[in-house]
Amino acid sequence: MDRLENWNDLDPGMRELGKIGGQYWFVPWDWGYDAPIVARDRVEEVPDSWRDFWNPQYKGQISMIDYAENAVSIAAWAFGLDYPNLSDEDLAFVKEKLIELKENVKTFWQSSTDLVQQMTTGEVAIGYGWPDQYAKVVDAGVDAVYVDPVEGRNGWICGFVVLADTQHYNLALEYIDSAISADVGRRVINKYFLGHSNLEAIRTADQEIVQQLQYDDTNIRERTHFAVPLTFTQRETFNRIWNEVLATD
């Protein structure tokens, strides 16, 4: 990593996520949450828990992402299960709960812009979404809040890996070094409301955004459920369960 001038400015904890067998294989870039986006003027009470997604008062008001891993994980967090290490009994329970959840879900989104449109037009009051979607919804004039559930948000980290057979190794490193710079990081935060691995970017970005989304709070990262690698069996099982849930009337 001595070829990356901005490497030492990155969050040490995020750097360690890319270490395998004592070597770094992954360079963290942007990061963020999966959490409820709620239009405050369309609900009587803003939910503060993933379990609230099952509350009958939100029937027909939720837009849920059409993705098995996310669906299974929020059901697990909501009901205190050890995700992703779910027993057969746990999986049967999760499937039952996700079928119940469909009663409250008005629509499922696949594209990021789908949820933004659904919330800005008033089609739904609650969406399972990302920080950039929240930013666009607020920018459109919706009185929205990005909820931090009591069980913790889901989270993700994106970054870069250079393939061994790349034809442009030096250019790839230059690109990565630029992407993880404080200047690019500030733009990522200020324009898209996403987190960034560069600590200087967090310190110098719009502090209203940083504090609103708690990007400067190491505790929030510690209690965020960042996506973890799944085994082939786990992924296949979650996909099968989700497809069965979607197929129910």
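1. The lining of the largest pocket in this predicted model divides by class into 14 nonpolar, 5 polar and 2 charged residues. The volume of this largest pocket is about 590 Å³. There are 21 lining residues, and those closest to the pocket centre are Gly155, Trp156, Phe226, Ala227 and Val228. Strand 8 gives the most, with 5 residues.

2. The buried residues include the charged Glu69, along with Asn70 and Ser73. Also buried in helix 2 are Ala68, Ala71, Val72, Ile74, Ala75, Ala76, Trp77 and Ala78. After the helix comes glycine 80, which has a positive phi, near 70°.

3. The second largest pocket has a volume of about 360 Å³. It is lined by 16 residues, of which Met1, Tyr24, Val162, Tyr169 and Leu173 are the closest to its centre. Helix 6 (residues 169–179) provides the largest share of this lining, 3 residues. Tyr169 and Leu173, both among the residues closest to the centre, fall within the range of helix 6.

4. The class make-up of the two linings can be set side by side. For the second largest pocket, the count is 14 nonpolar, no polar and 2 charged residues. For the largest pocket, it is 14 nonpolar, 5 polar and 2 charged.

5. On the overall fold, the protein has 11 helices and 10 strands. Of the contacts with a separation of 6 or more, 68% are accounted for by residues 24 or more positions apart.

6. As for burial and surface, 49% of the 249 residues count as buried. The accessible surface of the protein comes to about 12700 Å², and carbon and sulfur atoms hold 48% of that area.

Terms used:
Residues are numbered from 1 along each chain as its sequence is written. This is a predicted model: local features need pLDDT of at least 70, side-chain atom pairs count only at pLDDT 80 or more; totals for chains, interfaces and linings use all residues. Side-chain values use heavy atoms; hydrogens and water are left out. On a 1 Å grid over the protein atoms alone, a cavity is a set of points where a 1.4 Å probe fits but cannot get out, and a pocket is an open set with protein on both sides within 12 Å along at least five of seven lines; lining residues have an atom within 4 Å of a point. Grid points are joined across faces, edges and corners, and a volume is the space filled by probe spheres set on the points. Helices (H or I, at least four residues) and strands (E, at least two) are DSSP runs, numbered from the N terminus. Buried means under 20% relative accessible area, exposed over 50%, partly exposed in between (1.4 Å probe, protein chains only). Contact means heavy atoms within 4.5 Å. Accessible areas come from the Shrake-Rupley method with a 1.4 Å probe; for residues, only the protein chains shown count as cover.
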